[in-house]
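Have the structure open beside you as you read.

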Amino acid sequence: MEKFSQYRDRGTQIAPFLEISSPRTFAQLPLSITLLCLRFPFFLFLFIAYFGVLQWLPIGSLVRKACLWMILLVSGVWWVDLQVEGVKKGSLSKQSKKLPRAGTVIVSSFTSPIDILYLAAVFDPIFTASYPNTREIERLSLLPAIIRSLSPPLSQPPPGTKLITLPRLLAENPNRSIALFPECTPTNGRGILRFSPSLDITPEDTPIFPISIRYTPADVTTPVPGWSTAGKFVWRLLSGGTHCVRVRIAGEIYNHPGEGEKPTYDGIEDEGYGEEVDENGYGSGSGPELKRRAGAGVEEKEKPQSALCVKGGEALARIGRVKRLNLGVKEKVEFVQAWTKNTKGG
């Protein structure tokens with residue numbers, strides 16, 4: 001759309017915030033409506049059964065994963081094309097160290113609620129939310145993580161948000177992997193946004209696995225937040241045919257500082273990001289500097305990306321076959337405001 005051309009990346013002219021639609025002909029509508037009517041009752045039953053009952057029971061990781069796969073299968077996600085960088089097809093079972101495991105960090109692209117369900121069904125990580133102006137992260141359970149993929153972008157943690165550092169979260173959960181979404185907000189998958197500094201304090205010996213998740217058709221991405229987007233997502237998900245999920249896992253990377261550079265995780269004073277951290281590694285989401293800037297309406301200057309963020313972004317772009325973009329949460333917030341105004345005006 002020409003009226004939103006200012007929210008394209010200047011270097012590539014890619015528009016990562018616009019929704020993608022797959023036009024359907026009038027002749028396809030009867031089949032689409034039939035698929036929706038057949039799938040929706042099963043989808044709703046499984047969704048309510050899992051999030052209302054089963055997730056609170058001590059049923060074990062394998063049973064939880066099986067339930068999540070049932071939700072994906074009922075939704076039409078029947079084909080997953082998984083490739084791991086540096087691993088030949090058919091030999092993945094012999095190279096399990098090439099996959100995320102307990103004590104590692106997953107750096108995932110962020111395009112759809114299906115991202116969350118797939119990662120939970122395969123790796124069962126601890127999900128987190130990242131913010132562009134703090135290195136601390138917010139721990140999320142599965143359902144809130146799904147809701148975040150349909151929610152407006154946040155440039156700051158809401159007041160009172162319980163934040164924690166990544167090293168602390170890893171130390172407290174040695175038997176789980178941690179899933180980060182350093183872009184902070186969903187896109188349509190056509191580019192990689194600027195990363196949050198939440199990745200910068202990854203311990204030096206912790207493997208980081210960039211994972212790109214893309215879809216065919218791509219109309220199940222949710223770059224525009226809101227209830228209408230949620231409705232469109234359910235319609236496109238349940239009324240379509242088969243959804244193919246293309247998953248690419250890059251080789252592990254590490255937070256190794258360059259020569260003469262101290263590790264970015266060394267200490268958690270978080271200078272320049274204004275977040276208070278207590279003796280346990282937790283933050284309140286309302287540090288004095290964040291309060292001052294928000295209250296005074298001070299515009300945050302874009303800070304240069306760390307070497308680790310650049311490395312992670314390049315890895316996601318490479319395996320996803322897309323470009324890194326000079327866009328982030330700030331531009332997404334402005335886009336959503338313009339989109340909402342245009343929708344109401346229309």
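Predicted model: local features only at pLDDT ≥ 70, side-chain atom pairs only at ≥ 80, totals over all residues.

Residues are numbered from 1 along each chain as its sequence is written, and side-chain values use heavy atoms, with hydrogens and water left out.

**Helix α1**

- Helix α1 spans residues 29–52, 24 residues in total; helices (H or I, at least four residues) and strands (E, at least two) are DSSP runs, numbered from the N terminus.
- From first C-alpha to last, α1 reaches 33 Å, close to the 34 Å expected at 1.5 Å a residue, where the expected span is 1.5 Å times one less than the number of residues.
- At R39, shortly before the proline P41, α1 has a kink of about 35°; the bend is the angle between axes fitted to the seven residues ending there and the seven starting there.
- The buried residues of α1 are S32, R39, F43, L46, Y50 and F51 (buried means under 20% relative accessible area, exposed over 50%, partly exposed in between, with a 1.4 Å probe and protein chains only).
- These buried residues pack against α2 (61–74), α4 (142–148) and α6 (227–239), with contact meaning heavy atoms within 4.5 Å.

- The model has 9 salt bridges, each defined as a side-chain nitrogen of Lys or Arg within 4 Å of a carboxyl oxygen of Asp or Glu.
- One of them joins D124 and R176, at 3.7 Å from N to O.
- D124 sits in the loop between α3 (113–122) and β3 (126–129) and R176 in the loop between α5 (166–172) and β6 (178–180), so this pair ties together parts 52 residues apart in sequence.
- D124 is buried at 16% relative accessible area, whereas R176 is partly exposed at 27%.
- R64 joins D124 and R176 in a network of salt bridges.

**Salt bridges within helices**

- In helix α5, E172 and R168 lie 4 residues apart, about one turn, and their closest N and O atoms are 2.9 Å apart.
- Both are partly exposed: E172 has a relative accessible area of 34%, and R168 has 32%.
- Helix α9 (residues 329–345) holds K330 and E334, also 4 residues apart, which meet in a salt bridge at 3.3 Å, N to O.
- K330 is partly exposed at 30%, and E334 is partly exposed at 30%.
- An α-helix has 3.6 residues a turn, so residues three or four places apart point the same way.
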